[in-house]
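Student: Hi, I have a new model open and would like to walk through it with you. Can we start with how the pieces pack?

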Amino acid sequence: MSISDDVCLTGIKGFDDYLGGVPRGSLIVIMGHPGAGKTTFAAKFLYEGARRFGERGLYIGFGEPERKFKKFMKDLGMDFEVLEREGMIKLVTLPAIASRDAAEMLTETVVRTVNGFRPKRLVIDNLPAVVDVLGDVAGRAFLRTTLYNILTREDITAIVISDMYRGEKRLVIPSVEVVADGVIVMKAEVRGGMIVRKLIIEKMKGKRMPVVEVPFSLVKGEGVIVFAPPLTYEIPAPRFTSSIKLKCESLHRALGPIYVGSQIVICTPIGMALPPEAIIPFLKAVVEEGIKVLMISLTNPSISMWCRIENPARKYGVDMSKLRDLIEIMSFNPAAYSVTKLMSTIIAEVESRKPDVLVLHGLEALNTLCPPREFMSFYLNIITRFRKMSLTTIYMVSSNITDEISLMVNAGDIVLAVSAPTTIRGGYSVRIDILKSYLGEPRAVFTDQLKECLGKESFR
Ligand SMILES: Nc1ncnc2c1ncn2[C@@H]1O[C@H](COP(=O)(O)OP(=O)(O)O)[C@@H](O)[C@H]1O
Ligand SMILES: [Mg+2]
């Protein structure tokens, strides 16, 4: 994404991808109930502006003590103290004492601070507090002067926050909404006992928005992640030059190349783990090539996932200490998260750990827990995001291929369907159907014919 002079990137994950930033010099009003995430959103806008784009940011807050603001934002991954020391951020928290002279004093303080500090980004948090402090008439006068000062400066992009109280539909000072270039309403709804956050972009000058209601999430260490649907044409092709080579010639030949950035779907029968003939060639590739793997299970604790890896790995002599360094396993209980929260948690983990390969295990849990439409949009959003990131991802689903998951299966670049074990040629074998691969033709392999892939059993 190139940054032109008339665009101001917020630095908020997902938001800029979707809107391409906001017009520079614009005034954006964010309104919503207390706790919706307005302050966090605005803080992230200032924080990233300073940190990533070298733009000075001024925060003018009413009521909430600076110390609390800083602590809360630090938990959300934003260290304002450092930026303040570097002179990139200025926090001005104004006292909640009302007096006759306050309005004039505040106006003067703000105008002086804006003129002296010359911020590129400004946040006023929030309107009802201004009115509480200054009273209705003085509050309006203050805002008019301040906003006028902001509006006449084409280089300041501003967010003005307004709390709305339950039952209230609009702003305390409606004229602000009229002069604003953008209006965003934030909502935190309780659904199924969980908080679901969304932002509704009611107005954004000069922007075409296919979807105006987009979920977002507040995430520890990251702040805000917005889940606007990624627009598919921005997706790069998988890196056809680099691929992951499984350490098993016959499996590799049947499967074809696994290009970096591929999205791989593996369906296994209910209750069945992947056979070692499929796991070991992957684990050997991990160890030999130094592939960093993050595994996230939605159904099993990490210890049980480890056993499934460790036992066959030990049996077939894969270097365990290397494996431990390269594979990280986490588990999330999908019943404890809303879909957007789960998605943002996964994305935040991926972005902080930066694995070469992500394994998402137990996706059928989500399929059961949430309505089909919600599950599919979770999946499509996540698969598109990982494609854009060129992150090779393996989606493991314990399910037969039914209509319910057909979209999920179809969206994969490589699709494997594992069958239940059958007795064959005097032993037992598991049939793995390669329904889709870059070879362009479906194939099947039988694990009893893949014994060479396991190598010698090493009893230790
Ligand atoms: N680490 C966190 N992860 C997710 N949500 C959090 C975290 N810390 C605080 N929150 C939530 O953030 C909300 C407060 O956000 P804030 O931006 O102050 O809202 P607003 O300014 O709209 O009142 C609270 O509802 C709180 O539950
Ligand atoms: Mg707030």
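Student: Which helix lies across E4 and strand E7?
Tutor: That one is helix H6, residues 127–134. H6 runs at about 70° to E7, which spans 157–163. Keep in mind that we are looking at a predicted model.

Student: And what does helix H7 touch on the sheet?
Tutor: Helix H7, residues 136–151, packs against strand E3 (27–32), strand E6 (121–125) and E7. The direction of H7 makes about 135° with that of E3.

Student: OK, the sheet itself. What is the strand order?
Tutor: Reading across, the order is E5-E4-E6-E7-E3-E8-E9-E10-E11. That is an open sheet of nine strands, and the pairing is mixed.

Student: Which strands stand at the edges?
Tutor: Strand E5 (89–94) and strand E11 (223–226). Each has a single partner strand, so one side of each has no neighbour in the sheet.

Student: How much does the twist average from one strand to the next?
Tutor: The average is 20°.

Student: Nice. Switching topic: at what angle do H13 and H15 cross?
Tutor: Roughly 20°, and their axes come within 10 Å. H13 is residues 339–353 and H15 is residues 372–388. Angles under 35 degrees count as roughly parallel, so H13 and H15 are roughly parallel to each other.

Student: Is that crossing left-handed or right-handed?
Tutor: H13 passes H15 in a right-handed crossing.

Student: Which residues meet there?
Tutor: From H13 you have Val339, Met343 and Ile347. They meet Glu374, Phe378, Asn381, Ile382 and Arg385 of H15. By class, the contact has five nonpolar, one polar and two charged residues.

Student: Last topic, the ligand. Which residues come nearest to ligand 1?
Tutor: Gly35, Lys38, Thr39, Thr40 and Leu218, out of 13 residues around ligand 1.

Student: Which element gives the most to that shell around ligand 1?
Tutor: H2 does, with three residues. Helix H2 (38–53) and strand E10 (213–219) each supply at least two residues of the shell.

Student: And how do the shell residues divide by class?
Tutor: There are five nonpolar, five polar and three charged residues around ligand 1.

Note on methods: Residues numbered from 1 in each chain as written. Chains lettered and ligands numbered in written order. Predicted model: local features only at pLDDT ≥ 70, side-chain atom pairs only at ≥ 80, totals over all residues. Near = placed C-beta within 6 Å. Helix = DSSP H or I, 4+ residues; strand = E, 2+ residues; numbered from the N terminus. Nonpolar A, V, L, I, M, F, W, Y, C, P; charged D, E, K, R; others polar. Axes fitted to C-alpha atoms, helices over the stretch in contact; angles between N-to-C directions. Parallel < 35°, antiparallel > 145°, perpendicular 65-115°, else oblique. Left-handed = near helix turned anticlockwise from the far one by under 90°. Contact = placed C-beta atoms within 7 Å. Pairing = 2+ DSSP bridges.
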